[in-house]
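Please look at the sequence and the structure before reading on.

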Amino acid sequence: MRVIASIDDAAAAVGTELGVSDFLTVDQPRIDSFAEATGDRQWIHVDPQRAERESPYGTAIAHGLLTLSLIPDLSKQCFVVENARMGINYGFGKVRFIEPVRVGSRLRVRSHLLDASRIDDATVHLTVRHTVELDASDRPAAVAEMIGRYVF
């Protein structure tokens with residue numbers, strides 16, 4: 001796990017891997033809870049029997065946005081920004097959903113710091129590429145460039 005304690009620390013870490021999280025299993029109750037929270041109850045996510053019969057994946061799959069929403073928590077195992085008075089999600093750059101996350105899949109996040117853009121003397125944007133890796137797969141589930149704004 002990488003500790004970033006200042007804007008200078010962030011600048012020095014550009015181009016490096018920040019860390020890799022532990023694996024998390026994505027189970028049907030998590031998918032169902034996400035469907036309930038978002039109103040996205042498409043059968044490919046919430047009807048395992050139908051998905052087994054009709055889906056090209058042979059099982060229910062997680063929502064792409066569920067996969068994306070797991071990044072902030074998992075990335076806490078990869079890096080931490082200390083000494084900041086405030087940190088917010090400023091948005092995303094490129095986001096791609098490459099492989100489906102089938103029910104029961106194990107995934108983890110690998111984080112690389114792509115950029116540290118100084119906004120002013122106390123504020124920096126950190127652009128981190130998060131690769132959501134699937135256990136036992138050569139292809140990631142997703143790759144997302146997340147921008148965090150930190151005020152020191």
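Glu36 and Arg41 form a salt bridge, with their closest N and O atoms 3.4 Å apart. The term salt bridge is used when a side-chain nitrogen of Lys or Arg lies within 4 Å of a carboxyl oxygen of Asp or Glu. The model is predicted: local features need pLDDT of at least 70, side-chain atom pairs count only at pLDDT 80 or more, and totals for chains, interfaces and linings use all residues. Residues are numbered from 1 along each chain as its sequence is written, and side-chain values use heavy atoms, with hydrogens and water left out.

**Salt bridges**

Side chains of opposite charge can pair when their charged atoms come close. By the rule stated above, the count comes to nine salt bridges. Three of these pairs are listed in the table.

| Pair | N to O distance |
|---|---|
| Glu36 and Arg41 | 3.4 Å |
| Arg50 and Glu54 | 3.2 Å |
| Glu133 and Arg110 | 2.6 Å |

How exposed are the partners in these pairs? A residue is called buried under 20% relative accessible area, exposed over 50%, and partly exposed in between (1.4 Å probe, protein chains only). Glu36 is exposed because its relative accessible area is 54%, whereas Arg41, at 47%, is partly exposed.

Arg50 and Glu54 both belong to helix 4, which covers residues 48-54, and they are four residues apart, about one turn of the helix. Helices (H or I, at least four residues) and strands (E, at least two) are DSSP runs, numbered from the N terminus. Arg50 has a relative accessibility of 28% and so counts as partly exposed; Glu54, with 44%, is also partly exposed.

Glu133 and Arg110 also meet through their side chains in a salt bridge, at 2.6 Å from N to O. This pair links distant parts of the chain, with Glu133 in strand 7 (residues 123-134) and Arg110 in strand 6, 23 residues apart. Glu133 counts as buried because its relative accessibility is 17%. A network of salt bridges links Glu17, Arg108, Arg110 and Glu133.

**The loop between strand 5 and strand 6**

Glu99 is placed in the loop between strand 5 and strand 6 (106-118). With a relative accessible area of 25%, Glu99 is partly exposed. Contact here means heavy atoms within 4.5 Å. Apart from its neighbours within four places in sequence, Glu99 is in contact with Leu134, Arg139, Pro140 and Ala141. Glu99 and Gly64 are 35 residues apart in sequence, and their C-alpha atoms are 9.5 Å apart in space.

Ser105 lies in the loop between strand 5 and strand 6. Ser105 is buried because its relative accessible area is 16%. Its contacts, leaving aside neighbours within four places in sequence, are Leu24, Thr25, Val26 and Leu134.

Ile88 is found in strand 5 (residues 86-97) and is partly exposed, with a relative accessible area of 38%.
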